[in-house]
Amino acid sequence: MSPLAFIIRVVPVYLLSLALTGVGASVLGPWMPSTWRMPLAILALVEFAALLTFRRARTWSTLLLLAFAITVGALLRLLVAPWRLDWGLALAASVAWPSMVITVGWKTGAGLRTLGWGTWAAAWIYILSWFALLLLVGRPPASAAWGTAGVAIFSALTLTWAAALPTRRADEPASSIAAEIYLIGMNLSLAASMLLRS
């Protein structure tokens, strides 16, 4: 996939997903009681599984990504309420930082591709640890160290992910690629917000 194809096809879907996350957090989230955390988490997991299953189906993958984005926004609003997260800052971070890192990763190329599996593994360990602490402690971890680790891990993941972009097929659905950068961008923005607020 060329840089121009990425900008024209993938970036608009990514930005729409971020906008819908903002809608879920700012419009739907305030109206939802805290007892909806578990149903929303289950819905998000089902949508995520469906998104992975239908990622090659153009229309379905787009619809599922957008539904997932709204659900994530509402769920995050309930999960991170103790932080009083600045949603504008979080969404800005999920655009600005990946934009810079993707450019570097794209130019670096093949040298970073071999590290991709390691950065994905580190990212999943970080995410699962976040949820484990949430279940054990009752609220998400919010510390400078946790935020710094998240920014470092998801920046490295963005670099290796972007290094592999030139090898992606041109006919791959844009929403499939947008879903990947959406997951990376949302985690980057949460980690950056933790770092800045602690």
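Val10 is buried, with a relative accessible area of 0%, where buried means under 20% relative accessible area, exposed over 50% and partly exposed in between (1.4 Å probe, protein chains only). The model is predicted, so that local features need pLDDT of at least 70 and side-chain atom pairs count only at pLDDT 80 or more, while totals for chains, interfaces and linings use all residues. Residues are numbered from 1 along each chain as its sequence is written, and side-chain values use heavy atoms, with hydrogens and water left out.

**Val10 and its surroundings**
- Val10 lies in helix H1, helices being DSSP runs (H or I, at least four residues; strands are E, at least two) numbered from the N terminus.
- Leaving aside neighbours within four places in sequence, Val10 is in contact with Met1, Ala5, Ala174, Ile177 and Ala178, contact meaning heavy atoms within 4.5 Å.
- Val10 and Ser176 are 166 residues apart in sequence, yet their C-alpha atoms are 8.7 Å apart in space.

**Helix H1**
- H1 covers residues 3-28, and its 26 residues reach 35 Å from first to last C-alpha, close to the expected 38 Å, a span defined as 1.5 Å times one less than the number of residues.
- A kink of about 40° lies at Val10, shortly before the proline Pro12, the bend being the angle between axes fitted to the seven residues ending there and the seven starting there.
- The buried residues of H1 include Phe6, Val13, Tyr14, Ser17 and Leu18, along with Gly22 and Gly24.

**Packing of H1 and H3**
- The axes of H1 and H3 come within 7 Å and cross at roughly 35°, axes being lines fitted to C-alpha atoms, for helices over the stretch in contact, with angles from 0 to 180 degrees between N-to-C directions.
- Residues making this contact include Arg9, Val13, Ser17 and Leu28 of H1, and Arg58, Leu65, Gly73 and Arg77 of H3.

**Packing of H2 and H3**
- Helix H2 (residues 37-53) and helix H3 (residues 58-79) have axes that come within 9 Å and cross at roughly 155°.
- H2 and H3 are therefore roughly antiparallel to each other, a term for angles over 145 degrees, with under 35 roughly parallel, 65 to 115 roughly perpendicular and the rest oblique.
- Among the residues that meet are Arg37, Leu40, Glu47 and Phe48 in H2, and Ser61, Leu64, Phe68 and Leu79 in H3.

**The chain as a whole**
- The protein chain has 8 helices and 0 strands, and of its 198 residues 47% count as buried.
- Among contacts between residues at least 6 apart in sequence, 85% join residues at least 24 apart.
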